[in-house]
Amino acid sequence: MITRRRLLQASLAAFGSGLAVGGYAWQVEPHWLEVVRRRLPVKGLPSHLQGGTLAQLSDLHVGPQVDDSYLLQTFATVRALAPDIVVYTGDFTSYQGTLYEHVERIYEGAPHGRLGTVGILGNHDYGPGWRHPEVAARLVEILGNAGIAILRNQVREVGELQIAGMDDLWAGRFDSRQTLRALDPRRPAIALSHNPDTVDLDGWEGFNGWVLSGHTHGGQCKAPFLPPPLLPVKNRRYTSGEFALDRGRTLYISRGIGHVLPVRFNVRPEVTVFELHGV
């Protein structure tokens with residue numbers, strides 16, 4: 001028989017469990033960084049890069065919602081790994097009134113690759129409504145001074161690896177055709193594109209390598225064994241992790257480091273360390 005006391009005890013237990021889960025999702029998991037290690041096969045990779053490492057940092061969201069000490073500790077973790085190449089795949093910031101001073105202070109401690117460090121912009125790097133190119137221009141300058149070369153539909157060679165960096169889709173600046181036109185198809189290459197929806201657009205003809213992305217945060221919260229209920233993409237297949245695409249391309253979506261709202265559940269933040277291999 002279900003008595004009033006038993007019902008009250010069950011209710012209190014459920015309430016306590018809810019508080020525990022809420023406290024974990026709010027206080028623990030948003031800062032419980034996972035270093036994800038994966039292989040990255042690249043066609044024509046030069047021998048001196050064989051077994052080298054490329055670290056991907058994405059969606060740091062420097063701003064009022066992400067704890068500065070957590071970001072600085074993440075930077076220290078990456079520096080200790082001594083990667084050969086470091087790439088940043090967008091959303092360096094979340095816009096705030098004191099944005100530039102904050103960005104300068106945090107990114108002066110950003111980790112760099114032994115051979116080079118490049119990045120691309122995300123939608124949040126274009127300010128409110130993603131429609132402020134002057135915000136993006138100032139960020140590019142600050143990040144450049146911090147040793148992070150921002151690619152805006154451009155290609156940069158790092159240790160004989162071509163890195164094609166796309167500008168942001170939601171800001172109306174994405175142009176894969178212009179970017180890939182600068183690649184030498186006979187030589188090894190990867191691409192960076194903040195929003196994974198871009199891989200479904202036209203303009204990737206002739207490119208059959210890896211595309212490193214971010215933007216989704218993995219949905220930030222999801223029930224075990226179920227997809228996340230909220231994703232900022234049209235193609236809801238693109239949650240996080242590795243996806244085989246057409247024309248021999250492979251997409252990798254990082255769960256990101258920071259957040260817009262300080263809550264994560266079953267979607268830990270990540271830094272991805274790829275071990276480079278020739279194929």
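Which residue in β12 does Val 36 stand opposite? Hold that thought for a moment, everyone, and thanks for coming. A quick word before we start: what we have here is a predicted model.

Back to the opening question. The residue facing Val 36 is Thr 272, in β12. That pair belongs to a parallel pairing, in which β1, residues 34-42, runs alongside β12 over nine bridges. Now look at β2, residues 53-57, which pairs with β12 as well, this time in the antiparallel sense and over four bridges. Thr 272 turns up again here, as the bridge partner of Gln 56.

So how enclosed is β12 itself? The strand covers residues 270-278, and seven of its nine residues are buried, so the rest of the structure largely encloses it.

Let's move on to a helix. α4 takes in residues 133-145, 13 residues in total, and its first and last C-alpha atoms are 18 Å apart, close to the 18 Å expected at 1.5 Å a residue. Which of its residues are buried? They are Val 135, Ala 136, Leu 139, Ile 142 and Leu 143. Looking down the axis of α4, you find these buried residues within an arc of 125°, so they line one face of the helix. As for what they pack against, the partners are α3, residues 99-107, and β5, residues 149-150.

One last stop for those of you who like backbone torsions: just after α4, Gly 147 has a positive phi of about 90°. That's my tour, and I'm happy to chat about any of it.

Definitions and conventions. Residues are numbered from 1 along each chain as its sequence is written. This is a predicted model: local features need pLDDT of at least 70, side-chain atom pairs count only at pLDDT 80 or more; totals for chains, interfaces and linings use all residues. Side-chain values use heavy atoms; hydrogens and water are left out. Helices (H or I, at least four residues) and strands (E, at least two) are DSSP runs, numbered from the N terminus. The expected span of a helix is 1.5 Å times one less than its number of residues. Buried means under 20% relative accessible area, exposed over 50%, partly exposed in between (1.4 Å probe, protein chains only). The arc is that of the directions from the helix axis to the C-beta atoms. Contact means heavy atoms within 4.5 Å. Two strands pair if DSSP finds at least two bridges between them.
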